Amino acid sequence: MDDWESKIVKIGENTIIENVISVSGVPTWMMVLFHWVMQRKGVQDVREVWPNFEVLFHGGVGFGPYRDSIKSIFGGNMPKTVEIYNASEGFFGIQDDPNKNEMLLMLDYGIFYDVYLFVLYFWSTPGTRQYH
């Protein structure tokens with residue numbers, strides 16, 4: 001399905017009657033889905049539709065600018081949030097501690113990490129200078 005608006009409608013129609021406890025995705029599209037569901041059901045809090053909702057798995061963009069808007073969608077009672085770092089190439093990291101704003105690098109998910117140490121480049125390249 002190429003049309004995002006059609007996707008949101010299909011997702012909404014198929015989940016509005018389900019016991020949704022989590023959603024994962026980009027915060028902007030989560031908000032579009034939540035607003036669609038709330039408008040369709042005529043409610044002000046998405047938990048009126050999904051009372052057992054517990055956690056948002058988010059990634060793709062920084063969550064900070066969307067935090068207050070999403071909190072208001074949940075009637076001021078923010079669900080748990082977990083940041084993830086994924087791409088078409090694979091799944092790279094996950095926030096493993098909800099009290100810290102950092103992610104754990106997933107080393108055993110079949111991804112090859114080619115790490116080039118800048119320090120070695122800096123010291124071994126003629127004409128570079130060290131600053132202390």
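Read along the sequence, the protein chain follows the pattern α-β-α-β-α-β-β-β-α. This amounts to four helices and five strands, where helices (H or I, at least four residues) and strands (E, at least two) are DSSP runs numbered from the N terminus. The model is predicted, and local features need pLDDT of at least 70, side-chain atom pairs count only at pLDDT 80 or more, and totals for chains, interfaces and linings use all residues. Residues are numbered from 1 along each chain as its sequence is written, and side-chain values use heavy atoms, with hydrogens and water left out.

Some totals describe the chain as a whole. Of its 132 residues, 30% count as buried; buried means under 20% relative accessible area, exposed over 50%, and partly exposed in between (1.4 Å probe, protein chains only). The accessible surface of the protein chain comes to about 9,400 Å², and 54% of this area belongs to carbon and sulfur atoms. Such areas come from the Shrake-Rupley method with a 1.4 Å probe, and for residues only the protein chains shown count as cover. Among contacts between residues at least 6 apart in sequence, 49% join residues at least 24 apart, a contact being heavy atoms within 4.5 Å.

The largest nonpolar core has 21 residues, of which Phe34, Trp50, Phe53, Leu56 and Phe74 touch the most other members. Helix 2 and helix 3 (64–73) each supply at least two residues of this core, and the largest share, seven residues, comes from helix 2. A core in this sense is a set of buried Ala, Val, Leu, Ile, Met, Phe, Trp, Tyr and Cys residues joined through side-chain atoms within 4.5 Å. Leaving aside neighbours within four places in sequence, Leu56 is in contact with Val23, Met30, Phe34, Phe63, Ile70, Phe74, Pro79, Lys80, Thr81 and Val82.

Val55 is placed in strand 2 (residues 55–58). Val55 counts as buried because its relative accessibility is 14%. Not counting residues up to four places away in sequence, Val55 touches Ile21, Ser22, Val23, Pro79, Lys80, Thr81 and Val82. Ser22 is 33 residues from Val55 in sequence, yet their C-alpha atoms are 4.9 Å apart in space.

Beyond its neighbours within four places in sequence, Ile73 is in contact with Met31, Phe34, His35, Met38, Gln44, Asp45 and Val46. The C-alpha atoms of Ile73 and Gln44, 29 residues apart along the chain, are separated by 7.2 Å. Thr28 lies in helix 2 and is partly exposed, with a relative accessible area of 29%. Between Thr28 and Ile70, 42 residues apart in sequence, the C-alpha to C-alpha distance is 9.5 Å. Thr15 belongs to helix 1 (residues 4–15) and touches Val20 and Trp50, not counting residues up to four places away in sequence. Thr15 and Val37 are 22 residues apart in sequence and 8.8 Å apart in space, C-alpha to C-alpha.

Gln95 has its place between strand 4 (90–94) and strand 5 (104–105), and its relative accessible area of 14% is why it counts as buried. The side chain of Gln95 reaches the backbone oxygen of Asp97 at 3.5 Å, and a polar atom of that side chain lies 2.9 Å from the backbone oxygen of Lys100. A polar contact is a pair of N or O atoms within 3.5 Å; within protein, one must be able to donate a hydrogen and the other to accept it, and residues adjacent in sequence count only if both atoms are side-chain atoms. Not counting residues up to four places away in sequence, Gln95 touches Thr81, Val82, Glu83, Lys100, Glu102 and Met103.

The surface, finally, carries a nonpolar patch formed by Trp4, Val26, Trp29, Val32 and Val61, with about 390 Å² of accessible area together. Patches are made of residues with over 30% relative accessible area and no salt bridge, like charges being joined within 9 Å and nonpolar side chains (Val, Leu, Ile, Met, Phe, Trp, Tyr) within 5 Å. A salt bridge is a side-chain nitrogen of Lys or Arg within 4 Å of a carboxyl oxygen of Asp or Glu. Val26 lies in the loop between strand 1 (22–25) and helix 2 (27–41), and Val26 counts as partly exposed because its relative accessibility is 32%.
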